[in-house]
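Subject: Handover of a structure

Dear colleague,

Please find the structure below, which I am passing to you for your studies.

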Amino acid sequence: MASTIGIMQALISIFIDDGDKLRCINAGQARITFLLRPPLYYVCVSSWGEPESVTRTHLEYLHLQILSIVTASQLRRIFERRTNFDLRRLLDGAESFLTSLLDELEFDLGISTSSLHCLKLELNLRKRIAETLVPTGKTKEMLYVMLTVEGRVVTLIRPRKRSIHPADIHILLNTIKSPSISNSQASASWIPVCLPKFNPSGFVNAYISFLRDEPIIDSSPSSSSTDSIKDGATEAREPSISLICISGTGDFDYVKDWCEGAIKKLAVDGSLRALTKSILSQQTEYTVAEVGVPGLRHFIYKSRSQVQITFPVFEDPYNNTNEKRRLITLYQTLHDAIHAKSGQSEPLKLQYIRTDTESALGWITQPFELYIAISPLLPKSAIIGAANAVVRWVKKEESRLFLRDAPIF
Amino acid sequence: MSKQYQFKLVLLGESAVGKSSLVLRFVKDQFDDYRESTIGAAFLTQTVTLDDQTTVKFEIWDTAGQERYKSLAPMYYRNANCAVVVYDITQSSSLEKARTWIRELQRQADPNIVIALCGNKTDLAARRQVSQEEAKKYAEEEGLMWAETSAKTGEGVTEVFTAIAKKLPLTASPAARPGAGARASPGARQGVDLNKQTTAQGQNEACNC
Ligand SMILES: Nc1nc2c(ncn2[C@@H]2O[C@H](COP(=O)(O)OP(=O)(O)OP(=O)(O)O)[C@@H](O)[C@H]2O)c(=O)[nH]1
Ligand SMILES: [Mg+2]
């Protein structure tokens, strides 16, 4: 390990001395990708065959996650004082944020497409939940309020003048997901976190409540249908629903009371139950069969104006890790091409790739980006038809698939 | 006639002494051989019923022992009615750290705060570095409650919390929701100044939902 780091350092410094930027080295099957974010250097050796831009995005996220723990200005100060500082000392106990991010990066389509992945939900239910979560009273304490279900956003409420960068949301989602938070068995956590796109040099506070205590759900008035959930074929596991409230100030008693109040309201008006029921009955998922396009295997649709994506569940054969990785790498290659991310002379509107296992198309227009995979046996013309059919279907389902018109305050 | 009280309790102490494990044993009667270090602070509640039908509900803040969260502690202890300062009996340095916490509490917390010093991991008595006499003597000098526990076996855990519940001023107004909490908050940590930070980057890529 020490010698590997020595070689990396030597390579990086040769390029820095030449005033050049070292981006990557191709070495047979493997590619070594570098990302310099002084005072830190990131290096990745990969043989998956993903485009270089994808690896760089992954390294960039690793950097953002580190900033979320120590902030850019803290980092700078420490390394100004001691260039040989061992970063591990600062990250003590936070390793799980990095390992869970590494696990996530490979398959997280939201991160790959820099967009938000929302939970599919009935429009009215989403609206009712959002209205309950609009901060009232001392709104200065509140920056963002977000309800999530296992990494997917149900709603996101923000101040009128402040949007939120998808990268900050991904960092937050990963933070919640990492075992030190999600396995803590606590009903809530209050953690300082730096949202690097919001402000790389300061912390905000995140109050994270886990809505997993059954009594909340059972205590709601009409509990007659609980049995039907349990009898159903789906697993009767409590979905992990979290309420995240970001506060820029430190009045944590206020934030805590507000969150507890909001959760109670969600429970009392039945929306928490309705949400749980939708999740358990898998109405929050859809299969590619529902789209009704013969030969269609899978797709990702990105609404460019909403900066959100939607995609069906990964079914056979893509429920196998290797197959899924192959499909995602195909998507990434298309994404790279239509955005001209790897020094291509110009971006393409359409990119078609045919392999032994599927034919895939990437298509970018003003309102959307689409990545689809169909059976390789179908002619090229079929994929255009399939793409159009997917676009029509998404349009029809739009109100459930995407988070639109979330309240602002 | 039953009475109900509600008190805020904070756990302090060096990382890895077993604060989260103690709380988990107390609240869920569980123990994990491998626990992730706490980030920020975690909130849990548990109710204790005393012999005379009095119930005491603890609102517990289990804080992170890692150095980088040190400055957050005042936020949790400033409103606390009681504090459990934990050390690991197999690490004498952790008792030193506990002393530092106790001094800080004596200076900065509510003067009426009930403090318990708790030596955890008695199941590892073979590796003991902190003797009972030493810790007990120190606790007596400082007027603290003292106990030894094992979050792993459960030994002594409920006893500590029950003893605190008994010791807390039960003459206080029943269901005193604010406890000592209505006080002003001198130790409140200031977050970033949002007004100064209006330059959110990458506006064009921001979510438009
Ligand atoms: N043998 C033994 N191990 C224990 C006991 N209590 C905790 N541990 C172990 O000690 C380690 C640290 O325990 P935690 O409860 O996470 O410690 P903590 O004080 O909460 O640490 P931070 O969250 O980092 O401040 C874990 O691996 C526990 O399993 C105990 O009573 N006996
Ligand atoms: Mg802990």
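Predicted model: local features only at pLDDT ≥ 70, side-chain atom pairs only at ≥ 80, totals over all residues.

How many salt bridges does the rule find across the interface of chain A and chain B? The rule finds 2, a salt bridge being a side-chain nitrogen of Lys or Arg within 4 Å of a carboxyl oxygen of Asp or Glu.

Residues are numbered from 1 along each chain as its sequence is written, chains are lettered from A and ligands numbered from 1 in the order in which they are written, and side-chain values use heavy atoms, with hydrogens and water left out.

The interface

One of the salt bridges links B:Arg78 to A:Asp253, with 3.4 Å between the closest N and O atoms.

In total, 56 residues of chain A are in contact with 39 residues of chain B, where contact means heavy atoms within 4.5 Å. The two chains bury about 3,900 Å² between them, 50% of it on carbon and sulfur atoms; buried area is the accessible area (1.4 Å probe) that two parts lose on being put together, summed over both. A:Gln185, A:Trp190 and A:Phe252 supply 14% of the area that chain A buries against chain B, more than any other three residues.

A:Gln185 has a positive phi of about 70° although it is not a glycine, and it sits in the loop between helix 8 and strand 7 of chain A. Helices (H or I, at least four residues) and strands (E, at least two) are DSSP runs, numbered from the N terminus. Strand 7 of chain A runs antiparallel to strand 2 (residues 41-49) of chain B, and 3 bridges join them. A:Trp190 has B:Ala41 as its bridge partner in that strand of chain B. Two strands pair if DSSP finds at least two bridges between them.

Sheets and hairpins of chain A

An open sheet of mixed pairing is formed by 6 strands of chain A in the order 4-11-10-14-13-12. Strand 4 (116-117) and strand 12 (350-354) of chain A stand at the edges with a single partner strand each, so one side of each is left without a neighbour in the sheet. Within chain A, strand 10 (residues 296-303) and strand 14 (residues 368-374) run antiparallel and are joined by 7 bridges; A:Lys302 stands opposite A:Glu369 in strand 14.

Strand 1 and strand 2 of chain A form a hairpin with 2 residues between them, and A:Gly28 in the turn has a positive phi of about 65°. Strand 2 and strand 3 of chain A also form a hairpin with 2 residues between them.

Cis peptide bonds

A cis peptide bond joins A:Pro38 and A:Pro39, with omega about 5°; A:Pro39 lies in the loop between strand 2 (30-37) and strand 3 (40-46) of chain A. A cis peptide bond also joins A:Asp316 and A:Pro317.

Yours sincerely
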